[in-house]
Amino acid sequence: MPRHNDDLATEAEVAVAEDNPLPPTAPAASQYHTLKYSLLGPSLTKSGQDGVDQKKVSEIIYNASKGSKYFNNEEHKDKNLTVKINRILAKKRELQRIEAQGGLKQERKKADDYIAELEYSRDLSQAIVHIDCDAFYAAVEELDRPELKDVPFAVGVGVLTTCNYEARKFGCRSGMAGFVADKLCPELIHIPLNFEKYTAKAKEVRAVLEQYDPRFESASIDEAYLNITQYCQDHNMEPEDVVEQMRAEVHLEAKITISAGIAANAKLAKICSNKNKPNGQYKLPSDRASIIGFMRHLPTRKVNGIGRVFERELDAIGIKTCGDIYDQRHYLNALFGEKAFQFLMSVHLGLGRTDVRPVEEHERKSVGTESTFHDMENPEDLRAKLRWTAEELEKDMKRTEFKGRTLVLKIKLHTYEVLNRQIQPPKAVYTADDLFHYAWPMLQKYIKELPGMKLRLMGLRCTHLVSMKKGDVDFFGRARQLTSELSKGGYPDGAKVDVDEEGWQKWPDEEFEYAARMEKEEEMEELERLSQQQEQQKQDYEHGYVDEEGDENGDQPPPSAQKPKYDPDGAPSDYRRYGNGFAWRSILEEEAAQAAQEAKVLIEQWNCPICSMPQPAEERQFNEHIDGCLSRQTIKEIVRTTDDETAEARSTQPANTAKRKRGRPPAVNTGGAERRKKAFFA
Ligand code: TTP
Ligand code: MG
């Protein structure tokens with residue numbers, strides 16, 4: 001039976017620990033141990049690394065990067081995290097002391113009640129599928145260059161975005177610096193990125209998925225969730241057979257392979273799609289015992305939403321697998337907060353959302369933008385950076401048509417400490433002027449409190465969103481606030497879990513998945529920037545501009561200093577722009593808006609209530625036409641005929657096909673009809 005990547009993380013950790021030349025109890029030793037583990041990178045658990053000696057990989061990474069800025073950064077981050085973990089451990093010891101004296105009974109009861117509540121809502125009726133393309137960018141490149149099929153190659157030059165399964169045999173993987181990957185596999189070929197090609201291929205895959213669930217959810221450029229319950233019923237087929245057929249069809253149409261997981265909810269399906277990668281599928285039976293059994297031995301890192309930092313924190317308190325969560329349930333709230341407690345309990349029980357719907361329809365909780373840059377200290381530069389960030393955010397707010405009631409400023413210091421500060425402006429904000437106006441005092445406060453602070457990241461985010469879409473106004477013409485802030489409903493069967501406006505149970509997962517994604521993205525960006533700096537430094541050294549330490553030799557600054565290859569003004573990295581789910585959603589939204597516009601131009605026509613002739617669906621033109629019609633009839637005639645004919649005209653308007661294709665409920669699109677009515681009677 002082939003061994004998949006299930007326990008790679010644990011194996012690697014053990015291997016690194018075994019290799020540790022220092023006594024295991026010494027603090028320096030554990031630091032060495034954790035640093036080596038963290039140097040293994042964000043994609044340690046990527047599939048296709050069966051048989052890879054992670055101990056050797058760790059050694060090579062350690063030696064290849066030692067002394068580099070990347071290494072120093074990792075060391076710094078690792079030390080900070082160790083300090084944080086020591087605080088958590090101290091807190092846990094305190095909790096254990098309280099418990100030994102008969103305390104914490106209330107916490108234990110609260111946790112048990114919550115588990116009972118969650119169990120009450122367990123839904124095993126749906127067949128949810130998660131699909132993920134295999135070595136996606138690499139697979140697309142192979143189609144153009146079949147000669148690459150049997151040789152190890154990677155996509156991305158400074159940092160690997162991915163590599164084919166040949167390269168993975170050497171331990172190469174996403175999120176690894178190119179120079180490190182070259183040490184692992186000297187014959188590794190590097191291919192530059194070509195995002196248009198990947199986006200086009202993703203569309204081909206989506207065209208197939210749509211046949212199985214018209215309301216499928218694109219989670220990133222190469223992955224999606226589907227609910228195939230209806231399809232199975234309609235075709236009298238088993239979920240496994242449906243997925244087998246769908247994968248074959250993708251292969252036929254798009255010429256690439258995908259892997260899939262089938263389970264009772266989205267969280268489990270995602271874990272399962274990685275089980276038999278590449279070109280495989282795995283179904284987890286939809287019964288409670290199988291699910292609990294499956295989670296019991298699952299390493300925490302396998303769960304979407306548990307990133308590297310959270311994994312280490314959990315590990316420190318003795319939680320290595322999702323089964324380990326249960327014994328610590330009464331500590332979790334105090335150690336990590338209420339949300340994390342709820343999230344971890346749902347992970348332990350293998351519960352998750354079953355509502356799969358187009359990502360564009362997911363309720364937005366916030367709109368934000370952030371960028372990383374070289375250390376920035378000068379207050380004037382910081383002010384200018386904030387202004388630029390506000391302008392970037394204004395673009396996003398306009399595109400998504402939201403205003404924010406709360407504005408959050410995020411900064412990351414050169415020590416990697418992340419700080420947040422927020423404000424509730426007197427009115428909901430979205431313009432760059434307002435965003436800057438309210439954010440600047442928050443930044444000034446930091447500048448005062450932390451003299452000489454150096455920033456390497458700045459971000460602005462609006463939360464508590466208010467829609468600016470024309471249809472989203474209430475009876476009094478006020479913009480409607482998003483429901484997540486307001487709705488706290490009862491679950492139909494009486495349990496107290498939160499549900500959203502449409503009656504779907506709300507899960508804390510999204511927040512954790514977002515945080516884990518951001519952690520990974522930041523790591524990728526940092527790595528990208530550092531590997532480019534390293535490359536420049538190497539070139540400058542070869543040309544004699546700098547000495548071995550990177551210090552300048554003469555009066556003339558090196559070309560890299562004059563014209564940096566990486567834009568320090570923080571243009572987001574390509575992965576952030578194209579690869580991840582968050583950005584992917586924006587691409588899909590733009591695509592949907594464009595399709596809707598085209599469909600409107602091509603198809604939509606409004607019937608004139610006076611002459612009954614179809615007219616272009618454009619308000620101004622329509623009104624002009626009606627004015628013309630009116631001038632040819634008497635007022636009396638109009639009053640008599642308007643009501644009936646207007647109603648009839650509305651009922652005969654053709655539906656917007658782009659929206660119908662994505663299976664949206666027709667009620668979503670009624671705003672236009674109302675507005676048309678107003679335009680006529682105004
Ligand atoms: P993944 O699905 O994570 O990776 P993959 O498809 O290459 O390999 P697997 O078979 O394990 O699924 O990501 C999809 C694409 O997104 C990937 O081909 C390249 C890009 N990507 C990045 O740009 N940076 C990253 O850190 C990761 C993980 C992926
Ligand atoms: Mg993939």
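**View 1. Phe-136, Tyr-137, Phe-195 and Tyr-198 come together as one aromatic cluster.** Keep in mind for every view here that this is a predicted model. Counting ring pairs with centres within 6.5 Å, the tally is twelve aromatic pairs. The next two views pick out a couple of pairs.

**View 2. Phe-310 meets Phe-336 edge-to-face.** The ring centres are 5.6 Å apart and the planes sit at 75°, so this one goes down as edge-to-face, the label for angles over 60. Phe-310 belongs to helix H14 (residues 308-316) and Phe-336 to helix H15 (residues 329-336), so the contact ties together parts 26 residues apart in sequence. Both Phe-310 and Phe-336 are buried.

**View 3. Phe-436 and Trp-440 make a stacked pair.** Here the planes are at 10° and the centres 6.1 Å apart, so the rings count as stacked. Both residues sit in helix H18 (residues 432-449), with four residues, or about one turn of the helix, between one and the other. Phe-436 is buried, and Trp-440 is too.

**View 4. Two charged side chains sit over tyrosine rings.** Lys-275 lies over the face of Tyr-282, 5.8 Å from the ring centre. Arg-329 puts its charged end over the ring of Tyr-326, at 3.9 Å from the centre.

**View 5. Asp-132, Cys-133 and Asp-222 coordinate the magnesium ion (ligand 2).** The site has six donor atoms, with angles of 81 to 177° among them, and is octahedral. Ideal values for six octahedral donors are 90 or 180 degrees. Along the chain, the protein donors follow the spacing D-C-x88-D. Asp-132 is in strand S1 (residues 128-133), while Asp-222 is in the loop between strand S5 (217-220) and strand S6 (223-227), so the pair ties together parts 90 residues apart in sequence. Asp-132 and Asp-222 are both buried.

**View 6. The largest nonpolar core has 46 residues.** Met-295, Val-303, Phe-310, Leu-332 and Phe-336 have the most contacts inside this core. Elements giving it two or more residues include helix H4 (69-100), helix H5 (105-120) and helix H12 (266-273). Helix H16 (338-349) supplies the largest share, seven residues. Leaving out residues up to four places away in sequence, Met-295 touches Leu-268, Ile-271, Val-303, Cys-322, Gly-323, Val-347, His-348 and Gly-350.

**View 7. A second, separate core has 38 residues.** Among them are Ile-131, Tyr-165, Ile-228 and Tyr-231.

How values were computed: Residues are numbered from 1 along each chain as its sequence is written. Chains are lettered from A and ligands numbered from 1 in the order in which they are written. This is a predicted model: local features need pLDDT of at least 70, side-chain atom pairs count only at pLDDT 80 or more; totals for chains, interfaces and linings use all residues. Side-chain values use heavy atoms; hydrogens and water are left out. Rings of Phe, Tyr and Trp (its six-membered ring) pair if their centres lie within 6.5 Å; planes under 30 degrees apart count as stacked, over 60 as edge-to-face and the rest as tilted. Buried means under 20% relative accessible area, exposed over 50%, partly exposed in between (1.4 Å probe, protein chains only). A charge sits over a ring if NZ of Lys or CZ of Arg is within 6 Å of the ring centre and within 35 degrees of the ring normal. Donors are N, O and S atoms within 2.8 Å of the metal (3.2 Å for Na, K and Ca); water is not among the atoms, so sites may look incomplete. Four donors count as tetrahedral if all angles lie between 85 and 135 degrees; four count as square planar and six as octahedral if opposite donors are over 155 degrees apart and all others between 65 and 115; anything else is irregular. A nonpolar core is a set of buried Ala, Val, Leu, Ile, Met, Phe, Trp, Tyr and Cys residues joined through side-chain atoms within 4.5 Å. Contact means heavy atoms within 4.5 Å.
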